[in-house]
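Look at the fold first, then at its core and its pockets.

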Amino acid sequence: IVRGSKKTKILIIYLSIVFNNKVLSFRISTCSSQPVKYSEDWCKQFKLLKTEKVPKKLLSKEEALNLTNKNICDKKQTEEKIEENAVLKVVSKKSDETNPFNLNIGQCLDDMNNSRITRILGQGTFGKVVEIYVNNAKSYYALKILNPKYPDNIEKEELMVDFVNNFSQSEIPYIIRPIMIVSIINKHVAVLMPVYGPSLYNYVEKHGSLNRLEIARVMYQIATSLLFLHSKDFIHTDLKSDNILVEKDCKMSSIRVLLADLGNVSSKDEDRDYTITTANYRAPEVITHNEWSYAADMWSLGCILYELLTGCYLFDNYITYDPLMHLNAIEKYTKQCIPSTFGEGRGSIYFDNFYKEGDRHIRRVFIDDRKRCVGFDSEIDSLLKGLLDVDPTHRLTAEDVLNSDFIINSGMFTTKTKH
């Protein structure tokens with residue numbers, strides 16, 4: 001630290017240490033100071049401090065013994081720490097291996113090696129579905145392993161398994177019937193089911209859009225399942241083509257589908273203030289954070305109908321990721337305005353933002369001419385428009401779909417009897 005008068009300004013500080021004939025010089029250049037030289041005695045002292053070796057202290061026998069014991073103790077503690085870290089690493093690895101989402105093909109699911117995974121069928125937020133082979137039964141099954149992070153969903157799955165199994169096959173012919181709830185490795189809860197065919201999404205992706213009769217069959221079967229759930233005061237809340245399974249080895253002319261994934265159903269007694277449905281199938285009242293009900297399932301069914309007709313999504317991912325773009329796409333497609341009643345209550349703030357920023361988002365939406373409620377025959381147009389009515393109070397119900405001209409005149413019944 002160089003201290004000087006306030007008037008003195010240091011321009012350059014350089015240190016030059018030269019040991020030559022026992023002379024050390026420090027030169028400090030300032031505006032007013034001269035080079036400073038230190039005495040030879042000071043240089044000797046400085047040199048001594050830098051070069052003198054301090055002799056090692058000889059330890060007594062007792063001190064040496066104590067130091068040895070301390071080193072042995074430290075070494076033992078270090079070894080124990082290394083061993084503890086190794087155990088923790090093994091336990092962590094074991095936990096990863098028993099994680100229900102880290103299961104691999106060929107892995108056994110029980111201590112007796114009675115069942116093993118043969119295929120990964122699909123995975124979502126709430127569960128992972130695998131195909132397993134059970135040695136004792138000598139047959140294949142589907143196993144939906146539920147995500148332990150969502151205990152409410154697990155509880156619903158268990159309740160719905162009991163609920164569905166209380167009805168006969170004739171009462172619910174188009175809903176998946178789980179066999180039982182089972183516990184697999186590390187006590188993870190899973191639903192054991194028969195093996196079905198691909199999802200309706202994968203089926204359409206493989207075969208392309210379906211013909212009129214095939215579409216009528218699929219719509220009739222889904223609407224029948226929804227009518228049953230709605231009559232029991234249940235809302236599916238996650239209706240999409242991925243959650244509809246095609247029966248194994250069925251022909252296109254006699255396609256048969258089953259409604260799956262009842263773990264997200266909502267009953268009439270539950271609060272309905274949360275967002276439901278995969279974005280591509282989400283109804284306007286859900287997007288605007290308004291109260292939703294059975295009509296939300298029917299909007300999703302309308303989106304599925306469009307997929308069956310065209311082989312592609314009605315509202316693509318690049319639109320649905322932004323709610324404002326999604327709402328504008330709905331208005332542009334259906335040629336309807338979002339109901340003003342959506343601006344009341346809980347959805348008011350969100351609804352105001354929609355109209356404030358709507359013009360900016362409309363320019364970013366690209367809906368080509370094929371994405372209009374036209375181009376099909378009048379019966380299909382009527383059904384599609386009725387399902388995609390932006391006002392949930394005017395939207396078609398499951399019973400309306402079963403009684404629609406499209407279903408009645410499809411030729412799938414020998415007699416035109418309404419349901």
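Q: What share of the contacts in the protein chain with a separation of 6 or more comes from residues 24 or more positions apart?
A: This is a predicted model: local features need pLDDT of at least 70, side-chain atom pairs count only at pLDDT 80 or more, and totals for chains, interfaces and linings use all residues. Residues are numbered from 1 along each chain as its sequence is written, and side-chain values use heavy atoms, with hydrogens and water left out. Contact means heavy atoms within 4.5 Å. Residues 24 or more positions apart account for 60% of these contacts.

Q: How many helices and strands does the protein chain have?
A: Both are DSSP runs, numbered from the N terminus: helices are H or I, at least four residues, and strands are E, at least two. The chain comes to 13 helices and 13 strands.

Q: What percentage of the residues in the protein chain is buried?
A: Buried means under 20% relative accessible area, exposed over 50%, partly exposed in between (1.4 Å probe, protein chains only). The chain has 419 residues, and the buried part makes up 41%.

Q: Which residues have the most contacts inside the largest nonpolar core?
A: A nonpolar core is a set of buried Ala, Val, Leu, Ile, Met, Phe, Trp, Tyr and Cys residues joined through side-chain atoms within 4.5 Å. The largest has 71 residues. Its most contacted members are L200, M219, I222, L301 and L308.

Q: Leaving aside neighbours within four places in sequence, which residues is I222 in contact with?
A: I222 is among the residues with the most contacts inside the largest core. With those sequence neighbours set aside, its partners are L239, I244, V257, L301 and I304.

Q: Which element gives the most to the lining of the largest pocket?
A: A pocket is an open set of points on a 1 Å grid over the protein atoms alone, where a 1.4 Å probe fits, with protein on both sides within 12 Å along at least five of seven lines; lining residues have an atom within 4 Å of a point. The largest pocket is lined by 46 residues. Elements that give two or more include β5 (115-123), β6 (127-134) and α3 (151-164). The top contributor, with 7 residues, is α3.

Q: How many disulfides does a search of the whole structure find?
A: A disulfide is a pair of cysteine sulfur atoms within 2.5 Å. C108 is partly exposed at 29% relative accessibility, and C312 is partly exposed at 23%. The search finds 0.
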